[in-house]
Amino acid sequence: MTLFRFSDVNLDPAAERRALEDPACGGFVSFEGWVRNHNEGLEVRRLEYEAFAALGIKEGDRIVADAIKKFGVERAACVHRIGSLEIGDLAVWVGVSSRHRGEAFAACRYIIDEVKHRVPIWKKEHYVNGDSGWVNCEACAAPGHDHKHDHDHAHSHDHSHAEKA
Amino acid sequence: MRPLPGRIDPSTVRPMTSPPPVFGLVLAGGMSRRMQTDKAALQIHGKQQLERAFELASGLCAKTFVSVRADQRADPLRSRFPTIVDEKDGLGPIGGISSAQAAHPEAAWLVLACDLPFLTTATLKFLLDHRDPSKPATAFISTHDGLPEPLCTVWEPSSREAVTAWIASGKTCPRKFLINSATHLLKQPDPQALDNVNTPDELTAAMSVLDGKAPAAVLKTLKIQYFALFREQAGRGEETLESTADTPARLYVELQRRHPFKLQKEQLRVAVNSEFCDWQAPLNSGDTVVFIPPVAGG
């Protein structure tokens, strides 16, 4: 079973869900991350995802496998879009099926949080005002930028503003 | 270095007069502050560095001298050799070069630092064979930053006036002088030949290389793949480089000189051969390296 993959075409949540069906499971939790029309006060027109696939798949697989083991769920999977996306498109999908609901919620939350911070994937936002920028990259490199980002990619990335996903 | 098409290769032109004779000058006036002991006296391979440098130069030059500060005149090590005493204190290497040019204005000077443990006769001979006497100086390009290496350079008699003017204007950096002159630049035949030794750690490392206990810095072929912001800033998705960088940390510093990368190393992670790795992990020829800017999935 594929634990983590990238897709350069639109995602079909129903098809993803079918791959996690299991008669031993009494619960299924999924998370969908959608492309939002604004970020940090700017109106977003569209965005692009670019991934370092060779390492991204390995790291994504490790995250999903860890979640299955750590929370004792039956099945889990994650798929992340790459390429050009429009407002409302499905950017990332996580699904977990398990015997009981509690561990399914926890595992789903764990997977999306870890994927956002560990998988080498980058998001370029194109704004309505014509600007564009790589999220988390460009502001940090500006001279005199004193906004305290935590770049420990492993676990503790914590933005004060509301996140899209 | 092969002459560029359309340029006259001086070696093919019969000179009207012979080029000026080459004298050797070994610089030994440094303070050795970082080494905390006199670098000239350090023993490498059973020989004091100054003695070794003097022998290298005198094997190829008509006459060879050691450049010393006035207060080093009576130093037992230095006074074993013919010396040229700095005319003025506090100028560093350019003062030694200028004093030598004043003492023998007819000569071209092969100027050497005394602390180049990897320098060989072959590298010096290459420099002299490819020297361009029509230029103020002939120097090697640094393997580390692509700029001229001032302390293994032939200074032609024609540079004397400009060197004097440089000092008179309050400048002392010989490297900047070479950058701002029509210096004839050569690629080093041995990329490590001019690595110098400034600290006790560097000395230990150099000695283990010279004793055959550690591999010498060699040019490695490295493939670097760029993603996202780095791909845009480098203007390419990948490149293959010859580099002496032995860790990803050193490679990133090198790439920052080639491309306008403003992200700090502390903001990045690094992967070698498609697996995360440590900034201090050793790099091998054939490795593929990816520097990972802050990620933004989801």
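# Salt bridges and nonpolar cores

A:Glu50 counts as buried, at 15% relative accessibility, because the cut-off for buried is under 20%. Keep in mind that this is a predicted model.

**A bridge between chains**
- A:Glu50 and B:Arg231 join their side chains in a salt bridge, with 2.5 Å from N to O.
- B:Arg231 is partly exposed, at 28% relative accessible area.

**Other salt bridges**
- Over all chains, the structure holds 27 salt bridges.
- In one of them, A:Glu59 meets A:Arg62, and their closest N and O atoms are 2.7 Å apart.
- Both residues lie in helix H2 (residues 53-71) of chain A, three residues apart, or about one turn of the helix.
- A:Glu59 is buried at 5% relative accessibility, while A:Arg62 is partly exposed at 32%.
- A:Glu59 and A:Arg62 also belong to a salt-bridge network that includes A:Lys58, A:Glu114, A:Arg118 and B:Glu275.

**Nonpolar cores**
- The largest nonpolar core has 33 residues, and B:Leu251, B:Phe291 and B:Ile292 have the most contacts inside it.
- Elements of chain B giving it two or more residues include helix H8 (248-258) and strand S14 (288-292).
- Leaving out residues up to four places away in sequence, B:Leu251 touches B:Leu222, B:Ile224, B:Ser243, B:Ala245, B:Leu283, B:Val289 and B:Phe291.

How values were computed: Residues numbered from 1 in each chain as written. Chains lettered and ligands numbered in written order. Predicted model: local features only at pLDDT ≥ 70, side-chain atom pairs only at ≥ 80, totals over all residues. Heavy atoms only, no water. Core = buried A, V, L, I, M, F, W, Y, C linked by side-chain atoms within 4.5 Å. Buried < 20%, exposed > 50% of the residue type's maximum accessible area, 1.4 Å probe, protein only. Helix = DSSP H or I, 4+ residues; strand = E, 2+ residues; numbered from the N terminus. Contact = heavy atoms within 4.5 Å. Salt bridge = Lys/Arg side-chain N within 4 Å of Asp/Glu carboxyl O.
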